[in-house]
Amino acid sequence: MDIHPNLIDGAWVGDDGLPNINPSDTNETVGIYAQASAQQARDAIAAAKAAFLKWSGSGPLERHGILRKASDEIAARRQELGELLAREEGKTLGEAVGEVARAAQIFDFFAGEALRLTGDLVPSVRLGVGVEVTREPVGVVGIITPWNFPIAIPAWKIAPALCHGNTVVFKPANLVPGSAWALVDILKRAGLPDGVLNLVMGSGSSVGQTMLDSPDIAAISFTGSVGTGKTVAMASAERFRKFQLEMGGKNPLVVLDDADLAVAVECAVNGAFFSTGQRCTASSRLIVTEGIHDRFVAAVVARMNTLNVDNALLPTTQIGPVIDAKQMSVDERYIAIGKQEGAHLAYGGERLERGSPGHYLRPALFTECTNAMRISREEIFGPVAAVIRVKDYDEALGVANDTEFGLSAGICTSSLKQATHFKRNAEAGMVMVNVPTAGVDFHVPFGGRKGSSYGPREQGRYAAEFFSVVKTAYTMA
C-alpha cells in the first residue's frame with residue numbers, strides 16, 4: 001500500500017508512515033500516512049514564512065478563484081470523500097457525505113469573502129488628515145485539528161486563513177489523516193503557490209510541539225482537548241502569539257413541562273447520541289422538569305431501542321462505532337463511574353458484536369443523576385447522557401449554567417417567555433430552542449464561553465477577527 005506523504009513547500013515528502021484503521025472494521029487499513037519529523041515540521045514553517053510575502057500581496061480574484069475551485073471539486077467528490085471519511089472516522093455515510101458538503105460550502109463562502117475584504121475610510125478629528133482602517137494578514141498560521149470532524153473543521157480554519165492572505169502549517173489528528181490529505185491535495189491542485197499550505201501529519205509531541213516552539217508562527221488555531229488547549233495557550237502567551245482555542249463541552253438540554261414531547265425526544269437523541277456522541281456540542285446533560293420527566297425518559301428509552309448501531313457504511317446504520325479502542329475504554333470507564341456514583345443505567349452501555357470487528361457501543365442513558373456527579377461534569381465524548389431531574393425552569397437554568405464549560409445550550413419549550421429568557425441567560429456561546437444542541441450553520445459564528453473556547457469566534461465573517469490584524473493609517477492631505 002502506497003504511503004500518502006506530507007506536503008512541504010509544494011513537494012510531497014515522507015517515507016515512514018502509520019496505518020489508518022477503519023473503526024467499523026479493524027481488519028481494514030484505509031491507507032498509510034506519513035509521519036513528519038520535527039525537522040520536517042520546521043521545514044514546513046520555513047516554507048510558509050518564505051511564501052507569506054507573495055501570498056499576502058496576492059489579489060482578491062486570485063484567492064477567490066483558488067478557493068472556489070477547491071469548493072467545486074469537494075462538492076463534486078462528496079460521495080467519494082464521504083466514504084473515505086466514514087471509513088476512517090466511523091461516522092455514518094450519510095453524516096459523512098453531509099460533512100463533506102459542509103466543507104464545500106465553507107470554501108464557497110470564503111471564496112466570496114475574498115472579494116468582499118473591506119476597510120474604513122474616515123475623517124480625522126484633525127482637519128486635513130485622512131484615516132484608513134484596513135485588515136492585513138497575520139502571517140504564518142498553525143492549524144491543529146481534532147479527529148471528530150476530519151474535513152469540516154480543517155475547512156473552517158484553512159479557508160479563512162487563506163482568504164485573508166495567511167500561509168498555513170496544518171497538523172491534522174493522527175487518527176484521521178485521510179480526509180486532511182485529500183483536502184490538501186485538492187487545494188494544491190486548485191492552484192495554491194508552493195509553501196502557502198503545508199501538511200505535516202504526525203504526533204503532537206513532535207510536530208505539534210515544534211509548531212508551539214517556533215517563533216515564526218504568528219497565530220495558532222486549535223480544536224481539541226482542554227488539556228492540550230491549555231498547553232497551546234501557555235506556549236503562545238509566552239511568545240505573544242495570537243491563539244484561538246475550541247475545546248470541550250458539557251452541554252445542557254433543558255426540557256420543560258410544556259415541551260412538545262416528540263420534539264424534545266428527537267432533540268435529545270440526536271444531540272446526545274448521533275455521531276456516536278463524539279461532538280463537542282453533544283447534549284450530555286438532559287435537564288428535565290418534574291412534570292414531564294417520567295414520560296420523557298420512557299420515550300427516550302423507546303427511541304433509543306430503535307437505533308441501529310453498526311458499520312458506518314451500511315445504509316441502515318444510524319450510529320457508527322466509537323473512533324478507537326482508547327476512546328471505547330474512556331466511554332466504558334465513565335459508564336462504570338456513573339454506576340458507582342449511584343446513577344441508574346436506564347438503557348445501553350454495553351459493547352456490541354456486529355458483522356465486522358469494530359468498536360461498537362450501545363448508547364447509554366443514565367437517570368437519577370445529580371449535577372455533582374462526574375458523569376454530569378466531565379466531558380466523556382461518547383454516546384453517554386445523564387438525565388437530571390429538576391423542579392422548575394429556574395432550577396433548570398441554574399443547573400444548566402453550573403458547569404466549567406459554555407459551548408452550546410438548548411431548551412425545549414412552547415413558552416416564548418421561557419425561551420427568550422433562556423436565550424439571554426444561558427451561559428453558552430450558542431443557544432438552541434427546540435433544535436438539538438449539536439448542528440450549526442457555516443456562515444455564522446461558532447464558539448463558546450468559559451472553559452469551552454478562547455479567542456475570537458470561528459466561521460462566517462467573524463473569522464476575520466482572528467485571521468487578520470487591524471491597521472490604522474493617517475495621511476496629511
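1. Start with Phe-107. Leaving aside residues up to four places away in sequence, Phe-107 touches Leu-67, Ala-70, Ser-71, Ile-74, Ala-155, Ile-158, Ala-159, Leu-183 and Leu-187. Keep in mind that this is a predicted model.

2. Which residues have the most contacts inside the largest nonpolar core? They are Phe-107 and Ile-375. That core has 98 residues. Helix H4 gives the most to it, with 10 residues. A second core, of 28 residues, is separate. Ala-259, Ala-268, Val-297 and Cys-412 are among its members.

3. Now look at two helices. H2 covers residues 60-76 and H4 covers residues 93-114. Their axes come within 8 Å and cross at roughly 165°. Angles over 145 degrees count as roughly antiparallel, so H2 is roughly antiparallel to H4. The crossing is left-handed.

4. Residues of H2 that meet H4 include Leu-67, Ala-70, Ser-71 and Ile-74. On the H4 side, Phe-107 is one of the residues in this contact. By class, the contact has 12 nonpolar, 3 polar and 3 charged residues.

5. Most residues other than glycine have a negative phi. Phe-240 has a positive phi of about 55°. Phe-381 also has a positive phi, of about 65°.

6. Where do these two sit? Phe-240 is in the loop between helix H8 (226-238) and strand S12 (242-246). Phe-381 lies in the loop between helix H12 (374-377) and strand S17 (384-390).

7. Is Phe-240 buried or exposed? Its relative accessibility is 79%, so Phe-240 counts as exposed. Phe-381 has a relative accessible area of 17%, so Phe-381 is buried.

Note on methods: Residues are numbered from 1 along each chain as its sequence is written. This is a predicted model: local features need pLDDT of at least 70, side-chain atom pairs count only at pLDDT 80 or more; totals for chains, interfaces and linings use all residues. Side-chain values use heavy atoms; hydrogens and water are left out. Axes are lines fitted to C-alpha atoms, for helices over the stretch in contact, and angles run from 0 to 180 degrees between N-to-C directions. Helices (H or I, at least four residues) and strands (E, at least two) are DSSP runs, numbered from the N terminus. Angles under 35 degrees count as roughly parallel, over 145 as roughly antiparallel, 65 to 115 as roughly perpendicular and the rest as oblique. A crossing is left-handed if the near helix is turned anticlockwise from the far one by less than a right angle, and right-handed if clockwise. Contact means heavy atoms within 4.5 Å. Ala, Val, Leu, Ile, Met, Phe, Trp, Tyr, Cys and Pro count as nonpolar, Asp, Glu, Lys and Arg as charged, and the others, Gly among them, as polar. A nonpolar core is a set of buried Ala, Val, Leu, Ile, Met, Phe, Trp, Tyr and Cys residues joined through side-chain atoms within 4.5 Å. Buried means under 20% relative accessible area, exposed over 50%, partly exposed in between (1.4 Å probe, protein chains only).
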